[in-house]
Amino acid sequence: MRIPRIYAEIDLQVGTAPTLPVGPSRHLTQVLRLGQNDPLVLFNGDGFDYSARILSTHKDGTRVSVEGVGDEEPEAPIAIHLALGVSKGERMDFALQKAVELGVGAITPLFTARSQVRLDGPRLERRLEHWRGILTAACEQSGRRRLPSLETAATFDTWLKTPSSGQGLLLDPTASTPLAGLRRPETGVTLLIGPEGGLSPGERKKAYSAGYQGVRLGPRILRTETAPLAAIAVIQALWGDFREG
């Protein structure tokens, strides 16, 4: 039986016996049906996995014994910041989940001219919380010990005024430069990708004016949930941790 791996937003130290928050506790006891003495792996985003065992379960949380700590997750060879136009429901969820599995370090959801989803106030907060859950679950599944950051959702024009983290790349099927033909960026990469229908001509023009370089992935037009995954995989294969596998 595979040992469950759970994210818990608490301090983890070998030799301690903390009580897990209600959310992870319910998942362990009500979904996975674990009980006293069952083993598990915990992580809190500090870069380590902690081996643990359930001591007791009760309605206020599950008490565990932290018994060991693993190796620290190495820093990524190249930092990837994904700025992605917000798309509908499952498409956005899928793109976020797989981007985390592929090693992206930060994600900014963007509301663009062609975004078919408009959120603000409480609805936006609920969606952001939903996306955080997707990122956390993807880390649990993929073995990542550091959580990627989910930046506050922003409009395209507002976000474009902020400095990019690393070389700015605009995924544009009309660009003449293939992504695989670039030299390794000196720092990280900010990868800009539109929603369904892509960025508008005006938005692409603004991105180019802000210093973004247009790159393409090949002769095909990719869907909004496919494009970021293909681009991240290429970046990881060229300059990232796919080369270390």
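Analyst: Helices (H or I, at least four residues) and strands (E, at least two) are DSSP runs, numbered from the N terminus. UniProt, in an unreviewed entry, lists residues 26–60 as "domain: Ribosomal RNA small subunit methyltransferase E PUA-like". UniProt positions follow the numbering used here, feature names are shortened, and annotations may be inferred rather than shown by experiment.

A word on the source. This is a predicted model, in which local features need pLDDT of at least 70, side-chain atom pairs count only at pLDDT 80 or more, and totals for chains, interfaces and linings use all residues. Residues are numbered from 1 along each chain as its sequence is written, and side-chain values use heavy atoms, with hydrogens and water left out.

Now the sheet. Four strands form it, in the order 1-2-3-4. The sheet is open, and its pairing is mixed. Two strands pair if DSSP finds at least two bridges between them. Strand 1 and strand 4 (61–69) are the edges, each pairing on one side only. On average, neighbouring strands are turned by 40° against each other, direction ignored. Axes here are lines fitted to C-alpha atoms, for helices over the stretch in contact; angles run from 0 to 180 degrees between N-to-C directions.

Look at one pair of strands. Strand 1 and strand 2 (residues 39–43) run parallel, joined by three bridges. Tyr7 stands opposite Phe43 of strand 2.

Two helices pack on this sheet. Helix 1 (residues 22–31) touches strand 1, strand 2, strand 3 (50–58) and strand 4. Its direction makes about 155° with that of strand 1. Helix 3 (residues 121–142) touches strand 1 and strand 2, at about 150° to the direction of strand 1. Contact means heavy atoms within 4.5 Å.

Last, the start of the chain. Arg2 sits in the segment before strand 1 (5–7). Is Arg2 buried or exposed? Arg2 counts as exposed, because its relative accessibility is 65%. Exposed means over 50% relative accessible area, buried under 20%, and partly exposed in between (1.4 Å probe, protein chains only). Pro39 is 37 residues from Arg2 along the chain, yet their C-alpha atoms are separated by 9.8 Å.
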